[in-house]
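Reader: Please take me through this structure. I want the criterion behind each term.

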Amino acid sequence: MEILLADDERLALEVLKEAVHKACPDASLYDFQKTGELLEFVVEHPCDVAFLDIEMRSMNGIELAKRLKEINPSVNIVFATGYSEYMGQAFSMHVSGYLLKPVTWQAVKEELENLRHPVAQERDTGLRIQTFGNFEVFYNGRPLRFARSKAKELFAYLIHKRGTGCGTREIAALLFEDQPYSLTLQKQVQTIMSAMMKSLKEVGAEDCIIRTYNYTAVDVERIENCDYYRFLKWDVKAVNEYTGEYMMNYSWAEFVIGYLDNKLM
Amino acid sequence: MNIIIADRDESSAGRLSRILKDLSTDAQILHFSDPMYVVKYGLTNPIDVLFTEVRMKPFPLDGLTLIQMIRAKYPDVSCYVVTETKNYLEQASAIQVNGYLLKPVSVEQIHRAVVKRE
């Protein structure tokens with residue numbers, strides 16, 4: 001859920017933000033003290049709910065609500081106000097609800113559970129790849145079990161390379177860093193490759209991988225839901241999800257700018 | 001005017017920042033070690049000029065991809081690669097950077113690069 005918060009008083013905005021976060025920890029929150037910035041933002045990024053202070057210096061909350069509804073008619077407006085006399089004016093606007101200040105998270109929760117335009121929660125369907133934080137793969141919301149941990153690591157590396165291919169030697173160097181390349185190692189890589197393909201095939205995702213003789217790459221067109229790939233396309237949610245950590249479970253993520261390295265060779 | 005410097009190397013970024021500050025008193029100059037944060041910044045703030053290193057381990061985004069991303073959102077941005085090696089010259093020209101500067105950057109280099117913009 002995407003939620004906008006607006007109040008020109010910094011302290012009130014902080015209180016509101018905390019209450020909304022407590023009521024709905026999974027929601028993405030965007031807070032603004034300046035109405036101009038809020039309007040600029042919302043044009044490119046529609047939101048599901050907007051908690052607005054009715055009385056703000058630059059533009060009153062009712063005007064703001066009208067503008068938001070013009071941009072997105074199904075936005076849910078919830079007025080937060082310390083002055084109940086404004087309720088009358090706002091009434092005719094068919095807003096979703098009202099909160100009296102100081103807002104409590106329980107009151108916020110109540111409003112979120114009774115929205116005028118209910119928000120369809122995104123169901124986590126299909127393959128979802130997470131790179132921010134630890135590398136994890138989910139299918140229909142559940143973690144995908146790879147038959148071997150190195151199979152998962154291989155998949156992570158292919159994702160990291162963003163469609164640039166690699167051969168057996170490169171994979172061996174990555175997965176078995178201290179071991180010299182040998183026929184045995186080559187066979188081990190092939191076993192791991194098969195294990196990875198098997199796990200992907202179990203969820204019908206084997207076409208994520210392009211394989212030709214000694215060349216394996218991820219098919220970026222088939223990866224519909226990867227946080228890093230969405231980030232690269234300026235997906236607002238993905239950009240906000242990044243907090244400084246990428247594939248923390250693999251140490252090579254620090255040393256390989258996979259995409260670029262290959263282009264140099 | 002918003003000028004962004006993306007580089008893991010603090011002293012290099014500091015050096016560039018000082019040179020830029022002397023040249024342009026009213027520009028806002030921001031330094032980011034993590035190129036991903038340049039994108040986060042660019043989500044809600046315009047970027048006029050970008051100086052970026054190419055490799056910024058351990059962060060996943062490289063400077064050339066960063067340039068392409070910022071250009072996609074702010075087509076008029078001026079982008080400069082600032083790096084120690086000439087290795088990326090070909091790739092940088094392929095994406096038509098506004099300049100390729102070798103470290104350590106000199107005042108003259110920056111002057112030529114930035115003044116050309118006006």
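Author: Start with helix H2 (residues 35–44) of chain B, where Pro35(B), Met36(B), Val38(B), Val39(B) and Gly42(B) are buried. This is a predicted model, where local features need pLDDT of at least 70, side-chain atom pairs count only at pLDDT 80 or more, and totals for chains, interfaces and linings use all residues. Residues are numbered from 1 along each chain as its sequence is written, with chains lettered from A and ligands numbered from 1 in the order in which they are written.

Reader: What makes Pro35(B), Met36(B), Val38(B), Val39(B) and Gly42(B) buried?

Author: A residue is buried if 20 or more other C-beta atoms lie within 10 Å of its own, exposed if 12 or fewer, and partly exposed in between, with C-beta atoms placed from the backbone. The five named residues of H2(B) are classed as buried. Helices (H or I, at least four residues) and strands (E, at least two) are DSSP runs, numbered from the N terminus.

Reader: How do you know that the buried residues of H2(B) line one face?

Author: Seen down the axis of H2(B), they fall within an arc of 150 degrees, so they line one face of the helix. The arc is that of the directions from the helix axis to the C-beta atoms.

Reader: What covers the buried residues of H2(B)?

Author: The cover includes helix H9 (227–232) and helix H10 (236–241) of chain A. From chain B it includes strands E1 (2–6), E2 (28–32) and E3 (49–52) and helix H3 (63–73). Contact here needs C-beta atoms, placed from the backbone, within 7 Å.

Reader: Why are H2(B) and H3(B) called roughly parallel?

Author: Their axes come within 10 Å and cross at roughly 5 degrees. Angles under 35 degrees count as roughly parallel, over 145 as roughly antiparallel, 65 to 115 as roughly perpendicular and the rest as oblique. H2(B) and H3(B) are therefore roughly parallel. Axes are lines fitted to C-alpha atoms, for helices over the stretch in contact, and angles run from 0 to 180 degrees between N-to-C directions.

Reader: Which residues of H2(B) and H3(B) meet?

Author: Pro35(B), Val38(B), Val39(B) and Gly42(B) meet Gly63(B), Leu66(B), Met69(B), Ile70(B) and Lys73(B). Ala, Val, Leu, Ile, Met, Phe, Trp, Tyr, Cys and Pro count as nonpolar, Asp, Glu, Lys and Arg as charged, and the others, Gly among them, as polar.

Reader: What makes E2 and E5 of chain B edge strands?

Author: In chain B, 5 strands form an open sheet in the order E2-E1-E3-E4-E5, with parallel pairing. E2 and strand E5 (99–102) each pair on one side only. The twist averages 20 degrees from one strand to the next.

Reader: How do you know that E4(B) is joined to E5(B)?

Author: Strands pair if DSSP finds at least two bridges between them. Strand E4 (residues 78–83) of chain B has 4 bridges to E5(B). Tyr80(B) stands opposite Gly99(B) in E5(B).

Reader: Why is H6(A) called roughly perpendicular to H8(A)?

Author: The axes of helix H6 (residues 149–160) and helix H8 (residues 183–201) of chain A come within 8 Å and cross at roughly 80 degrees. That makes H6(A) roughly perpendicular to H8(A). Their contact has 7 nonpolar, 1 polar and 1 charged residues.

Reader: How many residues of chain A are in contact with chain B?

Author: 18 residues of chain A are in contact with 18 residues of chain B. The largest share of the chain A side, 4 residues, comes from H11(A).

Methods
Contact = placed C-beta atoms within 7 Å.
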